[in-house]
Amino acid sequence: MDWSQSLRLVAPELLLSIAGLVLLLGSAWAKAERDARVITWLAVAVLAGCAALVAPALWDGAHGPDRLAFSGLYSADAFASFAKLLIYAAAGASLLVAPAFFDRVRAYRPEYPVLVLFAAMGMGIMVSATNLLTLYIGLELNSLAAYVLAAFLRTDDRSAEAGLKYFVLGSLASGILLFGISLTYGFTGTIGFTGIASALQGGLSTGAMFGLVFVLAGLAFKISAVPFHMWTPDVYEGAPTPVTTFFASAPKVAALGLTMIVALQAFGTQVAAWQPIVIFAALASIVVGALGAIGQTNLKRLLAYSSINNVGFLLIGLAAATPQGAAGMLVYLAIYVAMTIGGFVAVLMLKDADGNPVEELADIAGLSRHRKVLAACLAMVMFSLAGIPPLFGFWGKFVVFQAAVQAGLIPLAAIGIAASVIGAFYYLKVVKVMYFDEPANKAVGQSDWVHQALLALCALFISPAGYLLTKCLGALAASAAAVLFHA
């Protein structure tokens, strides 16, 4: 094994771990909010540096044995690079919006950016995993940081409750996943994804089938797919809003990327075995996410059900089990991250005159009368999430439905399109409240320039101007998705 080559390939994770340890030491001497902000900006700079390290591999479409590190335990290929760029962007945005939120209760601490860096390192390992052991290590490294982040606002009972629920249910899901991993290893004799695929070419035994089901069940919890979605609304509502922004974007990318790797590489020779499971999870997530959101009065809970709904659309691309489906998923993921960050940044900007968060739907009634730009940006996010053209969210749905039709899954695509109409109802309900209801005059507080800049960037990306990126984004997604099928 060439250690220098391996260390070069894992440079992003090395940078994150070293920077995390250094900033952790620095946080021990941080005395004021100003010091915590400095550490936050340094953490954002580290994430930008990691993005610069992984970008060349995506641009070159890197894959093959020369991208494997530590005797094949880790792969720094184009697919991992695509996912990492989205992870680092989402993590950076979650860091930038955090100080202003926590300053209100003087609860911002320098440990927050450190935890996000360690979570990002875990997510990077997840999407670079080439065997079950690397998968589990990355997943747990991310989860341990996430449990603390959910309960970060110690003076808030809702945050403590969210952290406890996430920890208990996350531990259960990890146990289910580990049991599936042990069964898969027991009946295939290997933990490498390539080895598992080779072992299953001759057929899927009963024990290996149980292993596949348990592994997919554990991963379904991490992506909050039905029927393992029950934790999502409670955790999203109770966790501090910057943490919810992080949960809804970066870990979602990592978990979906990992699910793609496991399904298309480790179990790629047994598509017929897992395809019905994915189809059920996709349709159930679309329907449950849409119906569950209709009665919500809290904006964070509404966006939580929206997240479940969007996972269903993403899984349609996976159900296709083709390079076009995988590429469609990656395109949708990129657009979804922008829509999600834009939506939660808009929620963070909703404050009353005293600077307290405004989260109830009724409280933003008539928002367009006194916060015209904010209302317009939030309306764009809602229309884009609903998949209404000419906004960019339509293109994300279009590419996954197109992949499903090309793969012969016409009934799945038809049902998905019909069910998406249900989701449009509650998205349009938010727009209706902002533009046509009598003003509640509650969300009158002003926001800082960081929130305004992030929301403007997200709004520009999901606007019709985003279609200018379709050719470039599609080419990069296709190059990244092709890696999963080279084996």
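Reply: At least two lining residues of the largest pocket come from each of α3 (33–60), α4 (78–96), α15 (323–348), α20 (449–462) and α21 (470–486); helices are DSSP runs of H or I with at least four residues. This is a predicted model, in which local features need pLDDT of at least 70 and side-chain atom pairs pLDDT 80 or more, while totals for chains, interfaces and linings use all residues. Residues are numbered from 1 along each chain, and side-chain values use heavy atoms, without hydrogens or water.

Me: Which helix gives the most to the lining of the largest pocket?

Reply: α4 does, with nine residues.

Me: What makes up the lining of the largest pocket by class?

Reply: The lining has 27 nonpolar, two polar and no charged residues. Nonpolar here covers Ala, Val, Leu, Ile, Met, Phe, Trp, Tyr, Cys and Pro; charged covers Asp, Glu, Lys and Arg; the others, Gly among them, are polar.

Me: Why is Q270 called buried?

Reply: Q270 has a relative accessible area of 14%. Buried means under 20%, exposed over 50% and partly exposed in between, with a 1.4 Å probe and protein chains only; therefore Q270 counts as buried.

Me: Where does Q270 lie, and what does Q270 touch?

Reply: Q270 is in the loop between α12 (241–266) and α13 (271–294). Leaving out residues up to four places away in sequence, Q270 touches L200, Q201, G203 and L204, where contact means heavy atoms within 4.5 Å.
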